[in-house]
Amino acid sequence: MRSSSYSVLPVRGLRAVVVLALTAGFATAAPAAQASAGTEAPPSLAAKPYMGWSSWSMQSSKYPGLNPDGDYSYLTEANVLKQADALAKKLKPYGYEYVNIDAGWWMDWSWKQNYDEYGRQKADPERFPSGMKAVADRIHSKGLKAGIYLPVGLEKGAYNDGRTPIWNAEGCTTGDIVYDDLRTTNGWDSAYKIDFSDPCAQKYIDSQAQMFADWGYDFLKLDGVGPGSFKSGDQYNNVADVAAWQKAIATAGRPIHLELSWSLDYGHVGDWKKYSNGWRIDTDVECYCNTLVSWENSVVDRWYDAPAWTDHAGPGGWNDLDSLDVGNGEMDGLTKAERQSYATLWAIAKSPLYTGDDITKLDSYGLSLLTNREVIAINQGDTPPAEPVTPSDPQQVWAAKNPDGTYTVALFNLADSPAAVSANWATLGFTGKASVRDLWNKENLGTYTNKITQALPAHGSRLFTVTPRGTALTSTAYEAEASANTLSGNASLADCSACSDGRKVGNLYGGGKLTVNDVVVPKAGTYQVKVSYISGDSRSADISANGGGATRHKFPSTGDWGTANSVYVPVTLKAGTNTITFDSSGPGYAPDIDRIDVPKSSS
Amino acid sequence: MNRRSPDPSRRTLLSLATTGSLAAVLGSLPAFTASAAPQRPTTSPLLAGSARSELWWQAPGDESSLIEQGLPVGNGRIGALASNDPGRELLLITDATMWTGGLNDTLDADGQFPYGRADFGSFTLLARLTVDIPDHDLSAVSGYRRTLDLSQGLVTSSYVRSGVTYSRQIYASLPDDVIVLHFTQSGGGRYTGSVTLGGTHGEKSSQAESFGASLANGLRYGAAVKAYGTGGKVAVNGTRIDFSGCKKLTVVVSGGTNYVPDAAANYRNPSLDPEQLARTKVRNAAEHSADTLLRTHVADYRALYEQLGLSLGTSTAAQRELDTWERLKARARDGVPDPELEAAYLQFGRYLMISGSRGSLPLGLQGLWLDGNDPDWMGDYHTDVNIQMNYWMADRTALSQCFDAFTDYCHAQLPSWTKLTQSLFNDPRNRYRNSTGKIAGWTVAFSTNPYGGNGWWWHPAGNAWLCNSLYEHYEYTQSREHLAKIYPLLKGACEFWEARLLTTTLPGSTEEVLIDDSDWSPEHGPQDAKGITYAQELVWALFGNFCAASAELKKDTGYADTIAGLRRKLYLPQVSPKTGWLEEWMSPDNLGETTHRHLSGLVGLFPGDRIRPDGSTPKNIVDGATAQLTARGMESFGWANAWRSLCWARLKDADKAYQLVVNNLRPSTDGSNGTAFNLFDIYEVEQGRGIFQIDANFGTPAAMIEMLLYSRPGHLELLPALPAAWAASGHVTGVAARGGFVVDLDWRDGKPASARIRSVGGRTTTVAYAGVHRTVTLEPGESVTLRDFAR
């Protein structure tokens, strides 16, 4: 399923297919709409988001006692094996399998690097006295998989004035694989950029890949990759490195999952999908503070940054939201509500689920979050990732339509106070009744008509499976570019290949406005109006009806200016003819508007 | 229901007490004292669901934002804000007398008063109560609903956990003098958790069921809690009370201080141990079933609540479907009137008054409700509009009894106010001192506390405004006891002005007039202006009120003649030839801020009654007042909008009066001006920082009534400013009218359908609508119903 992720169809065509599928779900047996999509051979790696543990969260924290021998000193053979033991015992039955060693395995306590005679990273004897192969063997002996880590590029410490020979590459030295000007690369400028025009360069990557394969590693996190990692420009473009890694792994004789980090550039998503099995969409989730993470820095960023990437996740490659640190309670640095929301978003966005917690010290609530089989099934099952169906306002609803006709629906309250959050069935495409199962609380809540409303704590969430018992919603489309509409200020028409009918209204800034005229509804009420829009960054618009008071909504980025997406906004309309206005309001910028769909009944 | 209960009400008892000796006063006046045995209703006073008038919400309050999200309860003396979170009920508990500070009688170098939390003092929290139910985390429950039942005086919440419906009720009972939390369930559920009571002033808690301590000013205070359940176990465990497996749980809390409203006793009762008294109160209450406590409270509450009946029209089904917060947002966004919401906003003000002003200190800037110990402006009594505004609605909305706390306060403070005025006002450093060199009577500063103390700057005309408010209550009620009680305040204020007024001759005239000495028109412009309109108007009204009181009580007739003579010579403001406005200063120039929040130069329009748009006031004066009011604008914040609305109602401009009410109903978000989630009024004091100020919650209802009925002794006018939004049909019953009447009014299609006029002491009055006047003559207790106003 989710063939769309790898489709080369233009987005516009794709969206039409999805709409048809949604509608068909009501008319016929639900799975029929999905049948044609599930026939591809599953990829050998990352068929599902991977699950496991990573060492970095505890390494990066100032939590008392975690790093007794200086920064990042949590990373030791003993600690890795201790966590592997705990993972095997407590979490493996739920699907967690990767034990991932992060940065520093080749560094001493003062972060001084060790290299072998071929310029390859070598285990620090104090951190890993038994060596990396022995650690992988021990991890495998528990039925788990082993992960390891490298920064992208030729690390400066491996260069050795260009004299170090490359393993299994006669005549090649480190001097052959870098640029003459020794330009640096990666997120920290800690490496020389590799010049892949020299055949020796691929050999160097091959030598590293072979080493990991020989040691028995199943996973590699390649870090500091650009464009991304807060860098841009040719010097930091590591697409060739990533491609070389894919090639090297293919010949190394062992499947190795290749994960890229961090804040990968959306514009190169095609490359990341082509060459890797997953990509971190954001900066580190860790706070580098006295806990592992904090809500503001930077767990909450994912709600705003993930939506644009949603369509790119699928078997073989997933949007990586970073570690899931919800298991330890106080050390996590989050409230219970925040921990649940964190786990909810990671699950429904189909992010890899790897915790950075101390698995030996999971509290009972944390264990319940990490081991809820229904929630894990959302993440691991044959279901698409959820995306917002409402704007990026403090109260949000995310949803995904599942192959069986049900919907995964998450309510989020990102405000700092408790608030009621409603999911309107209209935003899922149907009206009438639906039965609701509460996944975190493992209970059926009964039947709800048109919507469900729940009180959520500050930063809280709910996660439901909604089974429609109603009828498909029909709506009327109004193109933004229609001649009947009124454009004011800077607003203007533009061509748009991703848009329905190929046109949109843009330049909504500095008070520019689009008013959609002649919106006809039969009865007065609040309507969930679907707004199709394009926005390369997150923008807000004031939306009002009939010249009345406006409500400001923030639209998530669609990733770039060639991709359309849609969310639903509630608009109160009167019976008969209405106007709906999108106002960039003052100095601000609003998204470009493709069209709106107004349901034929209110909610 | 009876609107004037024939039962021997608490108010009657209090009134009797005030006529007795000082000992009798101490024995029964506002203080934390032993309660008389509550009167228990013999029939159930509980209302069926359909008869209830409820505000409702779909989310609990945030612990750190209770001032905007907590629901208030109070019995007029003790109050609380409740979070209603399923997993952790939090109550921030207050006692109206829980004040730091003291007499504050050492002036600063500028001859004004210090204004800090230690010297002047501040209203602070009494206690903090939590009921933790760990298994009922908000994330684990569904169908959460929370209500404020205006018709029964109850805060409720309910939710479903694993198929069991859990409900809780919270209220503050005056008869039992406790706050009650009652937890029930249906479906076989159980409550397990703990109750914790503690202080907020760093007290060391050593036991679970009570605590007591003293503030730095010597005020003793204490609180106590008792919990009892059905079908489970309730036991003290160290500093908390644990409960487990309870089918039902009842928690009762009480507390108080050893404050007494008696200057001679230094405002303390040294023999009172508040902790022990609180223990006695909760023990006595806990001897009764939760049902008995509830019925007793609801009967007591309904007796006051139902003194007013109100309908402003019918809302739509779509509006009724929305919870209160959504409804406020929809009202502001859609611009469509929501008459039931608007009526509920008025009734919410009455709920706050019933909950916040009975048998203790009066309502200050935040009423009885706090979320910390550092309320802005100390949560004090501001005498240049705020405390007066708090009580403008008392008589208008049929809560005459709730006014008494204001009267009692002024009465108890008078000895201290007099002493401070006479010893400090003419301090040579005080820029507002009497240049006559004479001093007599009393006045106050802009802020007052309950210890006889003043704060911030002297406010010469504050005495007149307080007195005029107190006198107006007499005009409504015709209570001679009340008049006798406030008479010393009126007389002392007159004496102050007799000593202060300056004689001057107007330019181009030989006519001598009396004017105020150097003064400040609140709260802008020059601080050394003579003859400010604010003072001239207030003193003119004061002198008139004193003369009327003297005549009614047959006291000091000679002195009343003197005051009447002074009154005739008082300068009254002119219209500026430059601005066309009624002058706020004795100057044609606008010396202040055009859109300033205060309407100090318009006190003669409202709350004063000198400027009338009925032909009895020169047209140019009415036009000048209208022009100044217009210039002040429509976009201020809570109390300033309410005051503007009252002025526009007086000018019979229904659209503007109504728009200002609507402006106050705008939802407050991120601290913006408007109405918070819990309907408290929020004032944005700086970008993004909104604070609670209760005045608009009372001033706005007063304006709504003023739009429906204007009154002055001898004259009533029906529907003077009825807005189109309410015009279709409506009624109001129980509205007090100056002159000693109570009016029940029905209207249809914007015109009165019937008006019942009942005398509570008034004898004769004209009743006007649209230029038609009728004269009604009644004996006290009699009533007449008038019809056929519409032509």
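Ground rules. I am working on a predicted model, where local features need pLDDT of at least 70, side-chain atom pairs count only at pLDDT 80 or more, and totals for chains, interfaces and linings use all residues. Residues are numbered from 1 along each chain as its sequence is written, while chains are lettered from A and ligands numbered from 1 in the order in which they are written.

Core. I then looked up the largest nonpolar core, which has 403 residues. Such a core is a set of buried Ala, Val, Leu, Ile, Met, Phe, Trp, Tyr and Cys residues joined through C-beta atoms within 7 Å; buried means 20 or more other C-beta atoms within 10 Å of the residue's own. B:Val253 is listed among those with the most contacts inside this core, together with B:Ile93, B:Leu490 and B:Leu542. Helix H13 (residues 533-553) of chain B gives the core its largest share, 11 residues.

Chain A overall. I noted 14 helices and 32 strands in chain A; these are DSSP runs, helices being H or I with at least four residues and strands E with at least two, numbered from the N terminus. The C-alpha trace spans about 80 × 50 × 45 Å along its principal axes. Of the 603 residues of chain A, 55% count as buried. I also noted that 73% of the contacts with a separation of 6 or more join residues 24 or more positions apart.

Helix H4 of chain A. In this helix (residues 132-141) I found A:Met132, A:Val135, A:Ala136 and A:Ile139 buried. Seen down the helix axis, the buried residues fall within an arc of 100° (taken from the directions from the axis to the C-beta atoms), so they line one face of H4(A). Their cover includes helix H3 (77-91), strand S2 (98-100), strand S3 (145-151) and helix H7 (199-215) of chain A. Just after H4(A), A:Gly143 has a positive phi of about 80°.

Domains of chain A. The bounds, from an automatic or database assignment, are domain 1 (51-154 + 202-380), domain 2 (386-471) and domain 3 (475-599). I found 9 residues of domain 2 in contact with 10 residues of domain 3. The centres of domain 2 and domain 3, taken over C-alpha atoms, are 24 Å apart.

Notes: Buried ≥ 20, exposed ≤ 12 C-beta atoms within 10 Å, placed from the backbone. Contact = placed C-beta atoms within 7 Å.
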